[in-house]
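Work through the exercises below with the sequence and the model at hand. Each task is followed by a solution in steps.

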Amino acid sequence: MTRKLVRPAGRPNASQPLDETSKQIIEQLQEDGRRPYAAIGKAVGLSEAAVRQRVQRLLDHGVMQIVAVTDPLQVGFTRQAMIGVTVDGEIESVADELSAMTEVDYVVVTAGSFDLLVEVVCEDDDHLLELVSRRIRALSGVRTTETFVYLKLRKQLYNWGTR
């Protein structure tokens, strides 16, 4: 299990750009989400307490989150997939309903062939079949789905830094 920093969907504070110190703190945590605040403070020129306050403010404002990213296979989930969803009507309400499903770990509104892309993590193929056929396709507004089953995960990183 690796602990990584992940940016949540959306940018609630896009109107307030981050200062350079906050960006440096984020980059330190992207390298190692367990890095002690004292070590981060040394790297960015702040006290441990100041780093703790800034990190908490970044978390509270939804700028970032710190989570443990696991290998799904090692924790009992043998099937991952990306599902393209085409919606009739209100896209946001369908996105909200999909986001509430425990198997769903990623929902994005897109332009192109699909209105939504939805990543799911399931225990097995039967679980994926039940999720797609009985729950996702049953949602009001879902016109079509196309499922892309993951055969092998080659890269998954969250270290893109800041701008």
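**Exercise 1. Which residues are linked with Glu130 in a network of salt bridges?**

Step 1. The network of salt bridges consists of Glu103, Glu130 and Arg135; a salt bridge is a side-chain nitrogen of Lys or Arg within 4 Å of a carboxyl oxygen of Asp or Glu.

Step 2. Between Arg135 and Glu130 the closest N and O atoms are 3.9 Å apart.

Step 3. Arg135 is partly exposed because its relative accessible area is 26%, and Glu130 is partly exposed with 25%. The classes are buried (under 20% relative accessible area), exposed (over 50%) and partly exposed in between, with a 1.4 Å probe and protein chains only.

Step 4. The structure as a whole holds eight salt bridges.

This is a predicted model, in which local features need pLDDT of at least 70 and side-chain atom pairs count only at pLDDT 80 or more, while totals for chains, interfaces and linings use all residues. Residues are numbered from 1 along each chain as its sequence is written, and side-chain values use heavy atoms, with hydrogens and water left out.

**Exercise 2. Find the salt-bridge partner of Asp88 and state which parts of the chain the pair ties together.**

Step 1. Asp88 meets the side chain of Arg143 in a salt bridge of 2.7 Å, N to O.

Step 2. Asp88 lies in the loop between strand S3 (79-87) and H4, and Arg143 in strand S6 (residues 142-149), so the pair ties together parts that are 55 residues apart in sequence. Helices (H or I, at least four residues) and strands (E, at least two) are DSSP runs, numbered from the N terminus.

Step 3. With a relative accessible area of 44%, Asp88 is partly exposed.

**Exercise 3. Describe the salt bridge between Glu20 and Lys23. Is Lys23 buried or exposed?**

Step 1. The closest N and O atoms of Glu20 and Lys23 are 3.7 Å apart.

Step 2. Both residues lie in helix H1, three residues apart, about one turn of the helix. An α-helix has 3.6 residues a turn, so residues three or four places apart point the same way.

Step 3. Lys23 counts as buried because its relative accessibility is 13%, whereas Glu20 is exposed at 53%.

Step 4. Helix H1 (residues 20-31) also contains Gln30, which counts as buried at 3% relative accessibility. Gln30 and Gly161 are 131 residues apart in sequence, yet their C-alpha atoms are 7.2 Å apart in space.

**Exercise 4. Which residues of helix H5 are buried, and which are exposed?**

Step 1. In helix H5 (residues 125-136), the buried residues are His127, Leu128, Leu131, Val132 and Ile136.

Step 2. These residues lie on the same side of H5 because they cover an arc of only 125° around the axis. The arc is that of the directions from the helix axis to the C-beta atoms.

Step 3. Asp126, Leu129 and Arg134 are exposed on the other side of H5.

**Exercise 5. How many helices and strands are in the chain, and in what order do the elements run?**

Step 1. The chain has five helices and six strands.

Step 2. Read from the N terminus on, the elements run β-α-α-α-β-β-α-β-β-α-β.

Step 3. The C-alpha trace spans about 55 × 35 × 20 Å along its principal axes.

Step 4. Of the 163 residues of the chain, 33% count as buried.
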